[in-house]
Amino acid sequence: MPDSIDIPPVVVTATVNGERVSRAVEPRMNLVDFLREELELTGSHIGCEHGVCGACTVRVDGTIVRGCLMLAVQADGAEVLTIEGLSESGEIADLQENFKTRNAAQCGFCTPGMLMTAAELLAENPGAGRTEIRQHISGNFCRCTGYQAIVDAIEETGRNRGEK
Amino acid sequence: MADSPVVTVHDRPNSYIGRSVPRPNVQRLLHGRGTFTDDIKLPRMVHAAYLRSPFAHADIKSINADAAKAAPGVAGVFTGKEIAELCEPWVGVLSHLEGMRSPPQYPMAIDRARWQGEPVVAVVAETRAQAEDAVELVEVDWAELPAACDMTAALDADAPVIHEEYGNNLCWERIVDEGDVDAAFDQAAVVVEDEFTFGRHTGVTLEPRAIISSWDPSEEQLTVYMSTQGPHMLQAIFAKHFGLEEHRVRVICKDVGGAFGIKVHTYGDEIATAALTMLLKRPVKFIPDRMESFTADIHARHHTIKARMAVAEDGKILAIDFDDLTGIGPYSMYPRSSGIEINQVLNLTGGPYTIENYRARGRVVFQNKPLMCQYRAVGHPIATAMQEALVDHAAQALGMDVVEIREKNLVPDDAYPTKSITGMPFDKLSHHAAKDKLLGMVDYAGLRADQEKARESGIYRGIGFACMIEVTSPSPMFYGVGGAPISAQDGVTLRLDAKGNLIVASGVTEQGQGAEAVLSQVAATAVGVTPDKIKIITGDTEITPYGGGTWASRGTGIAGEAAAQAGHALRDQVLEVAGIMLQSEPRKLDIRDNAVVDADTGNERISLAEVGRVVYYRADTLPKDYQSELIATRHHVPKKFPFAFTNGIHCSHVEVDVDTGVVKLLNYWVVEDCGTVINPLLVEEQVRGGVIQGIGGALYEECLYSDEGQLLNGNLADYLVPMAAEMPDIQVGHVTSPNSDSELGAKGAGEGGTGGAPAAILNAVNDALLPLGARLTVNPMTPERVLRALGKTE
Ligand code: FES
Ligand code: FES
């Protein structure tokens with residue numbers, strides 16, 4: 001019998017999108033399941049559960065992580081930001097607008113992870129060129145677009161930020 | 001009524017057709033506020049997990065589920081036999097594919113499992129983790145059987161026969177023989193021959209398949225939330241196999257995280273999930289995980305083809321002759337069948353060219369691997385790659401330029417309407433115009449000069465072209481004629497609300513390609529409102545007009561046309577009642593920018609909001625003998641042609657590293673003729689996304705199997721998909737030959753990219769390797785295979 005069945009829940013307390021939350025969860029629960037199932041923040045998606053597709057990307061203490069590779073208990077005491085919080089803060093309003101006008105989201109399943117990843121690049125290096133942008137998002141699988149619209153949207157956002 | 005001036009959607013002032021307006025429904029997806037099926041929780045919902053066969057072929061001697069039943073949180077454990085008691089089996093054949101056979105298939109294996117991954121036992125628990133834990137506690141006593149995995153060997157006399165009653169593993173065979181092929185080969189100046197292998201790959205939608213089933217025994221009502229492309233088709237299937245009336249089944253499809261033909265079939269685990277809610281009387285959710293998806297989703301392609309082409313001295317193609325074999329797993333998929341893919345290969349090969357002699361054999365073979373069925377561009381990548389590789393091969397044998405040989409053989413643009421040698425009727429195609437347009441985008445002479453120069457320094461670059469045709473917007477000749485509950489028609493209902501907003505409901509679904517945007521643009525144009533006034537409703541069998549859904553690039557061509565016609569009807573209704581209010585003749589009025597205006601001057605007479613207010617709240621001010629209507633439904637089904645064929649031409653520019661075998665994509669160009677373009681922004685990224693999926697098949701994606709039928713790379717780390725860093729920018733151009741079967745003139749654009757890319761890349765790689773005497777006829781062209789072709793590895 002798998003061990004985890006008998007292990008008692010552990011309390012995880014974290015600040016998620018600026019709100020302090022506390023939940024008793026199984027120690028094996030990963031962060032993205034915690035966000036989706038316990039907090040009902042369903043904007044972070046699950047595409048592979050083994051760290052390849054990037055659909056579960058969220059920000060923990062200022063750095064992006066794969067929510068399926070991190071356990072919820074590891075986020076105890078951390079600041080977690082999901083696409084919902086990132087949207088409401090207005091931090092990526094320009095990027096979202098460019099995703100919209102460039103048609104950089106089709107089914108939208110990769111989009112929250114893609115925006116999270118792009119937001120990081122734009123914060124670090126708004127002047128990134130197309131090759132750098134492609135490299136930076138190459139851990140985020142998109143099955144629908146040709147990636148080109150996504151690269152366009154990120155490039156345009158960086159250009160506009162640079163001009164400000 | 002209807003005495004307003006006749007205008008087509010194209011003549012309307014304030015038209016949104018042909019404009020790159022953003023998609024109306026994208027905002028929520030950008031804010032993480034979409035509703036994908038896995039985002040939904042229903043009261044008392046439980047979670048299903050399936051124990052799947054670890055063997056490709058094995059008898060189930062016994063199942064002991066006692067420990068699983070006692071495990072924490074478990075609500076029930078059910079075998080295939082128990083599920084089968086609730087549900088009729090299905091047979092995945094189409095009657096117009098004559099002679100095709102496939103035995104009844106049950107949702108889960110009963111006494112014998114026939115592929116690794118076939119569902120065997122269903123476990124339902126409070127959480128998915130608990131259900132997965134309990135799956136591990138189920139004990140199955142297996143007796144492994146010899147398996148027929150290799151599709152070619154599956155036809156050998158000594159191969160294990162998967163369905164004993166058939167005597168062998170042949171599912172279907174079709175032969176086409178037109179003209180005098182033997183005479184043509186005898187006369188040929190040059191005959192080229194190749195043996196092609198196209199690997200088995202799969203769809204890898206980023207959102208896996210997803211379903212929540214909910215049975216209300218008090219009303220005998222089954223509600224299914226599902227990530228699907230065809231809600232009405234699924235409604236018909238659930239109803240039929242559970243013995244329910246169709247109105248007792250409601251299929252709701254919220255946001256869909258990519259589909260590409262993966263989510264348009266009948267999967268045993270999904271049907272079983274509907275049975276589980278009936279057994280437990282609680283909502284049941286089932287979301288396969290990624291590794292499960294690799295053996296539970298349909299696979300696609302996998303063909304081996306022996307092909308030859310006869311060519312005259314001047315480059316004229318005299319004949320094509322090929323023998324195609326494809327393996328489809330142990331059953332033909334229901335309800336589309338697994339025969340359509342090869343049928344397309346037989347129908348489409350050679351389609352862009354004038355060919356008078358044509359012979360082809362297609363064989364569909366049962367084997368112990370996952371089921372194979374229609375995935376984006378069904379058969380097109382195979383037909384196009386084979387045909388285009390042969391054309392390049394012939395050009396090379398004749399010492400002719402690859403563009404010149406195509407120019408010589410492409411059907412002239414003024415020859416349409418015409419038919420292909422296989423009897424496919426074409427309305428209007430534009431191969432020469434498309435090729436000319438492409439050559440205006442590609443500096444062909446420059447690329448050739450660069451190629452020469454690069455070779456001097458040991459750098460091998462190649463240029464590959466691919467001309468193609470694409471099946472879109474099918475009529476009932478595709479599936480309905482074969483007896484499948486798949487509607488070729490689709491409907492759109494338009495309703496003007498009391499504030500002058502337009503509510504649009506349609507049977508097509510949105511899975512990211514922009515179906516809702518197209519409906520919105522067409523409806524806005526036909527009625528005369530601005531897009532911000534529009535609300536689109538799709539994906540619910542209870543509230544949308546009946547329709548086939550979204551597949552085979554049919555949304556724009558079919559539902560788009562229904563929206564145009566419904567728009568005209570609603571506009572007539574509005575003008576009629578406005579005419580009464582304004583004491584004006586309806587034909588002297590028009591609707592522009594949300595208001596009724598004088599047709600001549602454009603001066604506003606009354607807003608649509610005011611029309612709505614009067615109609616709904618103050619009908620007492622209208623004549624007593626008059627009843628207004630502000631709702632119209634129209635359907636459209638293609639009638640003139642069985643398919644709205646489109647055409648396109650691709651060009652790929654690659655560099656092959658002859659030391660590592662890695663193919664680098666330098667540039668890519670496509671010209672596509674999909675008729676009237678409703679939204680260039682959407683079409684172009686649709687084409688690009690399609691090309692990228694074609695690149696996946698050409699260079700990376702393959703489900704690798706052991707001889708025993710064990711999948712070796714069933715996860716996203718080992719199964720490679722195209723990622724951003726390796727993908728080129730893709731330039732897209734358009735030629736427009738409107739569809740004469742509709743007012744809108746639109747055809748589909750969803751699959752041409754995927755259909756053409758493998759051919760263009762194959763030709764580009766071979767062009768690069770030409771001076772080294774290496775030639776590849778296999779997809780994917782992995783580094784190892786490139787090196788093997790170069791003789792650099794075993
Ligand atoms: S779900 Fe976490 S990387 Fe794919
Ligand atoms: S938009 Fe569908 S996966 Fe990226």
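Let me start with residue classes: Ala, Val, Leu, Ile, Met, Phe, Trp, Tyr, Cys and Pro count as nonpolar, Asp, Glu, Lys and Arg as charged, and the others, Gly among them, as polar.

Now the ground rules. This is a predicted model, where local features need pLDDT of at least 70 and side-chain atom pairs count only at pLDDT 80 or more, while totals for chains, interfaces and linings use all residues. Residues are numbered from 1 along each chain as its sequence is written, chains are lettered from A in the order in which they are written, and side-chain values use heavy atoms, without hydrogens or water.

On to pockets. A pocket is an open set of points on a 1 Å grid over the protein atoms alone, where a 1.4 Å probe fits, with protein on both sides within 12 Å along at least five of seven lines; lining residues have an atom within 4 Å of a point.

The largest pocket holds about 1,500 Å³ of space, a volume being the space filled by probe spheres set on the points, which are joined across faces, edges and corners. Its lining has 50 residues. Nearest the centre are D33(A), E49(A), R128(B), A129(B) and E132(B). By class, the lining of the largest pocket has 21 nonpolar, ten polar and 19 charged residues.

Next, the second largest pocket. About 490 Å³ of space lies there. It is lined by 24 residues, with R28(B), D255(B), E516(B), I536(B) and T538(B) nearest its centre. How does this lining divide by class? Ten residues are nonpolar, six polar and eight charged.
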